[in-house]
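I opened the model to take a few notes. The entries below follow the order in which I looked things up.

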Amino acid sequence: MSTPAIEILGLTKDYPVGFWHQRMRRSLDNLTLRVEEGEVFGFLGPNGAGKTTTLKLLTGLIFPTSGTARVRGRSIDDVQMHREIGYLPEQPYFYDYLTARELLDYYARFSDYGAAERRERVERFLERVGLASAGNVQLRKFSKGMLQRAGIAQAILHDPPVVFLDEPMSGLDPIGRREVRDIILELKRQGRTVFFSTHILSDAEMLCDRVAVLVGGKLQGVGAPSEIVSIEVHAMEILFEVRDGRALPPGLATRATRIGGRNRMEVPEAELYGTLDQLRGCDARILSIAPVRPTLEDYFIQLVGREQTVAHAVEGMKR
Amino acid sequence: MSAMPGVVAINTFREAVRDRVLYNLIFFALMMIGAAVMVGQISIGIERLVIINLGLSAIAIFGLVMAIFIGVGLVYKEMEKRTLYSLLAKPIRRSEFIVGKYAGLLLTLAVNTGFMTLGLAAALFYVGRPFVRSDASILVAIYFILLELALVTAFALFFSCFSSPMLSTLFTLGIYVTGVFAKDVRDFGELTRSPLLKSLTSVLYYLIPNFHNFNATAAAAHGEPIPFSLIWQNTLYALLYVLLILLAASAVFSRRNLK
């Protein structure tokens, strides 16, 4: 069996709470997980689920209460493990007195590159994240999206085999999100392992080989998005237009939603043909018929529940 | 020896320069110019004494203010602003980070002190006094100030690893003031009849660094030579003390969970 890219064994983290730190609050509970080389792995969960805690444990920013983890066979306690990883923190903040070029040059100095290679890399990665024209601008003048780009550049600057990204799409506009998705896919093509947390489930569904869902510090499920989400058809979606002056029969009118001059309706698969007959009867123009499958979001909502999401977020804030 | 602390140190120095910390030199220069002009008007024969006293005191105070106020934020600010997150994910040990931050501030203080020394020399030159051999005492006094600043910086950095800048400032200042009066603390212990107080002052005397020994301003002002034995004793004392405090700071910081 080959060495996994990331191996997490019973990782648990308790935080002291209260003025005298007399109580402990469990933020991560006995997490065991294995991520293979070359996988794009999505780490999903509501606010306060323990995603950032996991990433901080894996990058050595905090220490586990119990359990351990290895990255490419190296323990997370080993400083050499850091040569194997790149890390983008959530809402990254950098030395704002530096320019983007100086920042990348600074971080590149922690890898053993010569001056010429360092310069070449800095320019290449500034270009890669779309900051080439802003290379000489101090980071204090950067927007949130630009900081995120600088953060991604410093995380992948030294070609790490394993890349940890904490909410990489956060704060980015649609173009920025698209670019980050492209970077993740490029990393995958290069055979690197990408482990990222996200709230944007469509991104996870689009990018990830496998995802894990974490709620309240506990792992709820791991698998490919298509495995996690049942591929059974839930319903059929009909999109149609009603000609001028014609009204829908009351049975249909109550079930249809009007969106921008069109009507949308979801019906059980068994009722599809009956409904189509009814629509034809009132001279409606059918625009499209498509199966409705549950998304990762549906799975997530079902698993987490709205109340629970809020409760965990509140607890997270108290911490 | 790893090059990592050097990388951090250079960046810390760059931060200080970009945060316009060295602007204090302008105040120092203005003060020295003002003093040089004034002593020329009012004192006959004691220009040297006044200028050296004023210059050395200003170098010590300016340095002390910088060492404490920048030192207490060295680690705390990085934790608070979370600039440490991406840095500590790189292959750098926490102890190397501590040494780097310390060296960076020390470099800043050394450069600052170097420029102030030039300012003092210029002021002495202005009052029309040729440099003589005994002026070496001034350089030794400045070297002692630097050793003192190295110690204060180490304390500020140590406190910065686990407490807020406000508390760290209080702690560092407290240690500095107690250290300046270390000899008096011991004398007080010898005078008291309470065995408990005697033991307490004795422990305090040996625990707190003795800053009194680093003050050579009076000797420099009067052109008295400073014994070589004091130079190496102070050097060794400061080195050992700094080493111990940096070890303690590294030990504390290496166990610290970042927020």
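The model is a predicted one.

Entry 1: I checked phi at A:Asp283. It is positive, about 60 degrees, although the residue is not a glycine. Is A:Asp283 buried or exposed? I found 10 other C-beta atoms within 10 Å, so A:Asp283 is exposed, the cut-off being 12 or fewer. Next I looked up A:Asp159, in the loop between H4 and S7 of chain A. Its phi is also positive, about 50 degrees, and A:Asp159 is not a glycine. Here 13 other C-beta atoms lie within 10 Å, so I logged A:Asp159 as partly exposed.

**Entry 2: chain A overall.** I noted 11 helices and 14 strands in chain A. The C-alpha trace spans about 75 × 50 × 45 Å along its principal axes. Of the 319 residues in chain A, 39% are buried. I then took the contacts in chain A with a separation of 6 or more: 72% of them join residues 24 or more positions apart.

**Entry 3: helix H5 of chain A.** H5 covers residues 174–189. I tested its length. Its 16 residues should span 22 Å at 1.5 Å a residue, and the end C-alpha atoms are 22 Å apart, so the two agree. Which residues of H5(A) are buried? I listed A:Gly176, A:Val180, A:Ile183, A:Ile184 and A:Leu187. Viewed down the axis of H5(A), the buried residues fall within an arc of 95 degrees, so they line one face of the helix. They pack against strands S3 (40–44), S7 (162–166) and S8 (193–198), and against helices H4 (144–156) and H6 (201–207), of chain A. On the face turned away from the buried side I found exposed residues, among them A:Arg178, A:Asp182, A:Glu186 and A:Arg189. After H5(A) comes A:Gly191, with a positive phi near 85 degrees.

**Entry 4: chain B against chain A.** I found 19 residues of chain B in contact with 24 residues of chain A. Helices H1 (4–18) and H5 (83–88) of chain B each supply at least two residues of the side that touches chain A. H1(B) gives the most to that side, with 5 residues. By class, I logged the chain B side as 8 nonpolar, 4 polar and 7 charged residues.

Note on methods
Residues numbered from 1 in each chain as written. Chains lettered and ligands numbered in written order. Predicted model: local features only at pLDDT ≥ 70, side-chain atom pairs only at ≥ 80, totals over all residues. Helix = DSSP H or I, 4+ residues; strand = E, 2+ residues; numbered from the N terminus. Buried ≥ 20, exposed ≤ 12 C-beta atoms within 10 Å, placed from the backbone. Contact = placed C-beta atoms within 7 Å. Expected span 1.5 Å × (residues − 1). Arc of directions from axis to C-beta. Nonpolar A, V, L, I, M, F, W, Y, C, P; charged D, E, K, R; others polar.
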